[in-house]
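Dear colleague,

I am passing on the structure we spoke of, and would be glad if you could look through it alongside the notes below.

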Amino acid sequence: QSPRPLRSSSETMPLILLSQEHKENLQFLGTLDIEVASDFARTSVDLIQKGASQNVYQSAAKKLQVPAETVQKALEGVMHLLVECAKLSISEMDFHDSIMTLGFSEALIAALQQVYVENREQLRTWLAQMALGVPAYRDLEWRLDVQVASRAMRNQVEPSVLLKLLTSDDKTHVMQTDPSTLLHIASALEDALKEIKTSHFRRAARILK
């Protein structure tokens with residue numbers, strides 16, 4: 001094995017500081033064969049792009065004959081590690097030094113290092129796409145219009161809702177819809193608000209923070 005190059009005293013060293021919880025979640029990798037651990041890391045890259053999946057956790061847990069929670073915490077630990085390193089675009093050497101404290105073998109560190117280097121630019125691209133600014137809600141005005149009848153449609157009531165949405169980029173969006181569609185939109189938004197309160201969302205938010 002060739003010696004690692006020495007650092008210049010003027011080099012900056014943006015190392016990743018791992019919390020105790022993060023270290024504990026990553027320890028599972030040390031129990032795996034190098035090839036399996038490498039596949040594990042590549043799966044983490046896929047999950048960063050496509051999103052977490054309970055089916056993936058359960059399938060991997062079944063193959064490895066360990067609890068699904070153990071697999072989930074380990075995969076989330078690797079995802080968080082890769083995301084944080086990609087954010088800083090740290091070098092191969094800094095990645096090595098950042099995970100040395102985990103007590104992994106040099107072979108395992110090298111395997112994780114390779115996955116990081118191979119996917120660093122792609123990870124940065126995904127992170128940039130996720131960070132694109134989306135205008136935020138500022139104000140909403142609405143009006144209910146009711147067409148009681150017309151020559152073509154007598155004795156029929158046709159309500160519609162006119163919405164004027166103001167967003168943080170100072171743009172006004174005017175929309176018109178019917179009450180049933182508006183109720184569906186409101187229901188979908190309520191479901192989204194409930195989702196952000198779940199433990200799964202909080203874990204995902206910590207990974208991408």
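What follows covers the nonpolar core, an aromatic pair and some of the salt bridges.

Please bear in mind throughout that this is a predicted model.

The largest nonpolar core has 37 residues, of which Leu29, Phe40, Leu82, Phe95, Phe104 and Leu112 touch the most other members. The elements giving two or more residues to this core are α2 (34-50), α3 (54-64), α4 (68-88), α5 (92-99) and α6 (106-130), and α4 gives the most, with 10 residues. Once the neighbours within four places in sequence are set aside, Leu112 is in contact with Leu29, Ala37, Ala41, Phe95, Ile99 and Phe104.

The structure holds 2 aromatic pairs. In one of them, the ring centres of Phe95 and Tyr116 are 4.8 Å apart and the planes lie at 5°, so the pair is stacked. Because Phe95 belongs to helix α5 and Tyr116 to helix α6, the pair ties together parts that are 21 residues apart in sequence. Phe95 counts as buried at 1% relative accessibility, and Tyr116 is buried too, at 0%.

A search of the whole structure finds 7 salt bridges. Among them, Glu118 and Arg42 meet through their side chains at 2.8 Å, N to O, linking helix α6 with helix α2 across 76 residues; Glu118 is partly exposed at 46% relative accessible area, as is Arg42 at 30%. Another joins Glu141 to Lys164, with the closest N and O atoms 3.5 Å apart; Glu141 lies in strand β1 and Lys164 in strand β2, so this pair ties together parts that are 23 residues apart in sequence.

With best wishes

Terms used:
Residues numbered from 1 in each chain as written. Predicted model: local features only at pLDDT ≥ 70, side-chain atom pairs only at ≥ 80, totals over all residues. Heavy atoms only, no water. Core = buried A, V, L, I, M, F, W, Y, C linked by side-chain atoms within 4.5 Å. Buried < 20%, exposed > 50% of the residue type's maximum accessible area, 1.4 Å probe, protein only. Helix = DSSP H or I, 4+ residues; strand = E, 2+ residues; numbered from the N terminus. Contact = heavy atoms within 4.5 Å. Phe/Tyr/Trp six-rings, centres within 6.5 Å; stacked < 30°, edge-to-face > 60°. Salt bridge = Lys/Arg side-chain N within 4 Å of Asp/Glu carboxyl O.
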